[in-house]
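Student: I have a structure open and want to go through it residue by residue. Can you help me?

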Amino acid sequence: MLRREALRVTEGDRFEMWARAKDGAEAEVAPFVIREGERVLYRIEQLPPYFDFYAYSHFGHSELVVEWDDNALDVSLLYRFNEADVAQEGVTFMSLEGGKILMNGRQQWPQWYAAESGRPQLRFSPFKGWMNDPNGLCRIGERYHLFYQYHPNGIDWGPMHWGHAVSDDLYSWLHYPVFQHPERNLASLGATGGAFSGNAFLDKDGSLSFYYTERLPAYDLFKDYREVQKRMRPSSNLVRPVANELVLERTPPGVTHDFRDPKVWYDEVDGLYRMVLGSAVDGDAAILLYNSDDGNEWTFASVLYRAPRRFREGGARCAECPDFFFVDGHWVLIVGFVGFNEAETGRHNLLYAAVGDFRGGVFVPHSDELQELDFGTDFYAMQSFWDGHRQLALAWLFNWEFRKPEGSVYSGELSLPRLLSVVDGRLRMQPELGYRRLRQKRLDRPSESRIIPSLTNAVELTLRGDLGGVQVVGTAANGAAFKLAEVAGRLIIEMPEDDGKIVYRSGVFSLTQVTVFFDRGVLEIFANDGAMCGTRRSYRMADLANIEITKGTETANLDIEAWSLRSAWE
Ligand code: FRU
């Protein structure tokens, strides 16, 4: 059915749309047209059966008429924005439903984000579509920029774009236009790949660029693909890329297809640019080091880190998303090993840190043992950045073990922003304190052991004191429950979807304090001031009706503090 709606536009308004032909559609007319009076300004003559990208920029002020054929047009994502006010307004999402153009601008986002019962309220998630790794994190002026691995055309992983959002505090976000597209329309090739993960790099002269990987059109998810590194420069308002060059394409000896996720920094001591890349060398997950005099021509320097044999034996295919930074007088290397399964616990998607020295291009960890970063495993692809004062990080809350239930408009959520430090030779991660501004009220405690949360709001719970044997059970309105317990010097987490095959437990330590955030199914745990962290994501419990705390012994002294937090999207 042909639909027609008037739309008021101003100079510089831009519309971006991902669309395809509806299944079985027989278009007799052009499926999408923009007119000004009788004049056609933009017309899609015919839609392909796969999603394609369309954009229209308007010059002048006027009232337009948008015409579309409901039976022929299938839109996955559509929004408008104007570079003149995008920094205040972000994008306005649009949908063509029931013959009407519906606008969903920043004023509507609180409702949109509250609407899905399982959507976290303290954390970033995309408006719709699929998200994985955080990318290109940086602070420019007073603003934080988050880019992220994004697939606009579905809620599964697919051809990778870079989504983009900005924030003043890393809690409350404004959606920006999609920043980076795959080099080719991979959907038209029936291929995957695209603009993979990468970092923001602020040069000595203050100029910003992004280094990232392009996976060229790939027809196998696990082998035989090609990955190359690119350098992209953004427009001064960071709304779009203005230049993009291939800077590294050739792999060193022993490296085949995994060659990705660059992190670039300037080495003041040696006076050169350096890059680390996730890879595998002769089958061992490894991190490669490259050097450059200008940030454009890169030379292979060495294998910076090679994973111990047990990772290869446990199925690790390569190292992903390496991060390497200097904090509190130490160099910290972060790495994930895709494919690795830990035999003792069955866990996978673990992230590790090695803390050490880096001199003359050589990294010497203080210990041979890697530090497990998060025992819950729903914390992957962490990326950190220096905001001028602090080393901060975000990670992707997902581990491929459990999937979102059908019917959601999106997939993918980020962790709370974490503040990184090194204490006693180990990396610590604490929640960035901005969440305290979201505290609403202290929660009711009808008895010493019981807390009544405000059902759908996020909860922050801190326990201090004699924590040996302590147990916290949080129960949702539907009866599903999580358990967090101290058992023989370890923290364990159980979620409703667990069947005991995978054991989510920390290393052995002496628990003195623990802060737990529950946010619509996300459990993020920070113990001993962030020395031990655990993150789990349940899709079976979206709210919290009751919290029961059981002490390890009758005489144990517990100090309990519990808050309800309002949504960061409000
Ligand atoms: C990690 C990862 C990266 C890659 C990206 C692709 O989750 O596999 O190695 O760049 O996701 O989306």
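Student: Is Ser538 buried or exposed?
Tutor: Ser538 is buried, at a relative accessible area of 0%. Buried means under 20% relative accessible area, exposed means over 50%, and partly exposed is in between (1.4 Å probe, protein chains only). This is a predicted model, where local features need pLDDT of at least 70, side-chain atom pairs count only at pLDDT 80 or more, and totals for chains, interfaces and linings use all residues. Residues are numbered from 1 along each chain as its sequence is written, and side-chain values use heavy atoms, with hydrogens and water left out.

Student: Where does Ser538 lie?
Tutor: Look in the loop between β42 (532–537) and β43 (546–550). Strands are DSSP runs of E, at least two residues long, and helices are runs of H or I with at least four; both are numbered from the N terminus.

Student: Which side chain does Ser538 join in a polar contact?
Tutor: That of Glu497, at 2.5 Å. A polar contact is a pair of N or O atoms within 3.5 Å. Within protein, one atom must be able to donate a hydrogen and the other to accept it, and residues adjacent in sequence count only if both atoms are side-chain atoms. A polar atom of the Ser538 side chain also lies 3.4 Å from the backbone nitrogen of Met541.

Student: New topic: the ligand. How many residues surround it?
Tutor: There are 13, and the closest are Asp133, Gln149, Arg260, Asp261 and Glu320. A residue is near a molecule if one of its heavy atoms lies within 4 Å of it.

Student: What classes are in that shell?
Tutor: Six nonpolar, three polar and four charged residues. Ala, Val, Leu, Ile, Met, Phe, Trp, Tyr, Cys and Pro count as nonpolar; Asp, Glu, Lys and Arg as charged; the others, Gly among them, as polar.

Student: Which polar atoms lie by the ligand's oxygen atoms?
Tutor: Asp133 has a polar side-chain atom 2.8 Å from a ligand oxygen. For Ser197 a polar backbone atom is 3.1 Å from a ligand oxygen. Glu320 puts a polar side-chain atom 2.7 Å from one.

Student: How much of the ligand does the protein bury?
Tutor: Taken alone, the ligand exposes 320 Å², and the protein buries 92% of that. Such areas come from the Shrake-Rupley method with a 1.4 Å probe; for residues, only the protein chains shown count as cover.

Student: And which elements give two or more residues to the shell?
Tutor: They are β10 (129–140), β14 (192–202), β18 (259–267) and β22 (318–327).

Student: Back to Arg260. Where does it lie?
Tutor: Arg260 is in strand β18. It counts as buried, at 5% relative accessibility. Its side chain makes a polar contact of 3.1 Å with the side chain of Glu227.

Student: What about phi of Leu238?
Tutor: Phi of Leu238 is near 60°, a positive value in a residue other than glycine. Leu238 lies in the loop between β16 (227–234) and β17 (241–248). It is buried, at 5% relative accessible area.

Student: And phi of Asn349?
Tutor: Positive, about 65°, although Asn349 is not a glycine. Find Asn349 in the loop between β23 (330–338) and β24 (351–359). At 8% relative accessibility, Asn349 counts as buried.

Student: Last one: where is Ser567?
Tutor: In the segment after β44 (558–565). Ser567 is buried, with a relative accessible area of 7%.
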